[in-house]
Amino acid sequence: MIVDINVQNFQQALIQASMSKTVVIYFHAQQVPECQTLGPVVERLVGADNSHIDLARVDVADPQLQSLAVQLGLQALPALVAFKDAQPVDILEGPQDEAAIKAFLQPYQPNEAALLLEQAKQALGQDPQAAYGLLQQARALEDSAAIRLYLAEAALALNKLEETKQLLATIGMADQDSQYQHILARLELAEEAADSPELRELEQKLAEAPESLELKEELAVLYFQAGRQEEALQLLIEVLQQDLGFGDAKKRFLDMLTTMGADPKASRYRRKLYSMLY
């Protein structure tokens, strides 16, 4: 939010707002030419929709606001003051270039990894594949326990059981919070389902009739539902290698690849199919 401070909104827009986010106060005056140049730059860098920083513009020509500049001990205009919890935490005075303003604002804005994590959290319930992609990007920038936990949650939602287990194994005791315990419990249930009596029975049937394309296709579906994705893809590629038009094998194979998105295993099996087609 960008707001012009006056006596009426001073308490709410400056003091109260600083209790929940950083308020950057921009002190300016019409008669100072550098203020006319710096103002638009500051407004662009902060942005009107910034959820972490408010920009509060203070015109020191207003006699009712001059005391604020005096209290902060400002010596030159334009000036920027980072205000948090009703206290100044940093000051930048005098004409500045864009790089200096960015450096001043940077500590009060989340880094790119944090922004990606926030986007992933919002997407996780509706689109776990999108969340998974965002979290992979975030992890490449910052390999933190928080990012790995949410990546494990997204992987579990996509039935990537082995990856979920590997990610949870990287979480130290200090970070094994309620979220970790919840994911671990869900993983244990998923692993039990991945070795169900129905699945074992079908595996036995295939062992007795290893050339049956119908059993391979049926078992591949169960494997995929149980999170055993690579085993599912391998069975279907075997079916397609023997009969490219068998049943729904090709459609199931393509659907599985689509569900897996940019997973490296999906890319590998996609290339195998293309080599058969072309």
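**Entry 1, aromatic pairs.** The model is a predicted one, and I kept that in mind throughout. I began with ring pairs and got a count of one aromatic pair. The rings belong to Phe 104 and Tyr 108, with centres 6.3 Å apart and planes at 65°. Planes over 60 degrees apart count as edge-to-face, so that is how I filed this pair. I then looked up the accessibility of both residues: Phe 104 is buried, and Tyr 108 is buried too.

Next I turned to helix 2, which runs over residues 33-46. I checked its length against the number of residues. At 1.5 Å a residue, its 14 residues should span 20 Å, and the end C-alpha atoms are 21 Å apart, so the two agree. I listed the buried residues of helix 2 as Cys 35, Leu 38, Gly 39, Val 41, Val 42, Leu 45 and Val 46. I noted that residues three or four places apart on an α-helix point the same way, because there are 3.6 residues a turn. What covers these buried residues? I found that the cover includes strand 2 (22-28), strand 3, strand 4 (79-84) and helix 4 (98-105).

I counted 16 salt bridges in the model. Side chains of opposite charge can pair when their charged atoms come close.

The side chains of Asp 4 and Arg 57 meet at 2.8 Å, N to O. This pair links distant parts of the chain, since Asp 4 is in strand 1 (residues 2-4) and Arg 57 is in strand 3 (residues 53-59), 53 residues apart. Are the two partners buried or exposed? Asp 4 has a relative accessible area of 41% and is partly exposed, while Arg 57 has 19% and is buried. The cut-off for buried is under 20%, so Arg 57 falls on the buried side. I also found Glu 43 linked with Asp 4 and Arg 57 in a network of salt bridges.

The second bridge joins the side chains of Arg 268 and Glu 230, at 2.4 Å from N to O. Again the pair links distant parts of the chain: Arg 268 sits in helix 14 and Glu 230 in helix 12 (residues 229-242), 38 residues apart. Arg 268 is partly exposed at 31% relative accessible area, and Glu 230 is partly exposed at 34%.

I put Asp 255 down as partly exposed, at 38%, and Lys 251 as exposed, at 53%.

Last, I looked for nonpolar side chains on the surface. Which residues form a patch there? I found Leu 244, Tyr 274, Leu 277 and Tyr 278, with about 450 Å² of accessible area together. Tyr 278 lies in the segment after helix 14 (264-277). Its relative accessibility is 80%, so I marked Tyr 278 as exposed.

Methods
Residues are numbered from 1 along each chain as its sequence is written. This is a predicted model: local features need pLDDT of at least 70, side-chain atom pairs count only at pLDDT 80 or more; totals for chains, interfaces and linings use all residues. Side-chain values use heavy atoms; hydrogens and water are left out. Patches are made of residues with over 30% relative accessible area and no salt bridge: like charges are joined within 9 Å, nonpolar side chains (Val, Leu, Ile, Met, Phe, Trp, Tyr) within 5 Å. Accessible areas come from the Shrake-Rupley method with a 1.4 Å probe; for residues, only the protein chains shown count as cover. A salt bridge is a side-chain nitrogen of Lys or Arg within 4 Å of a carboxyl oxygen of Asp or Glu. Helices (H or I, at least four residues) and strands (E, at least two) are DSSP runs, numbered from the N terminus. Buried means under 20% relative accessible area, exposed over 50%, partly exposed in between (1.4 Å probe, protein chains only). The expected span of a helix is 1.5 Å times one less than its number of residues. Contact means heavy atoms within 4.5 Å. Rings of Phe, Tyr and Trp (its six-membered ring) pair if their centres lie within 6.5 Å; planes under 30 degrees apart count as stacked, over 60 as edge-to-face and the rest as tilted.
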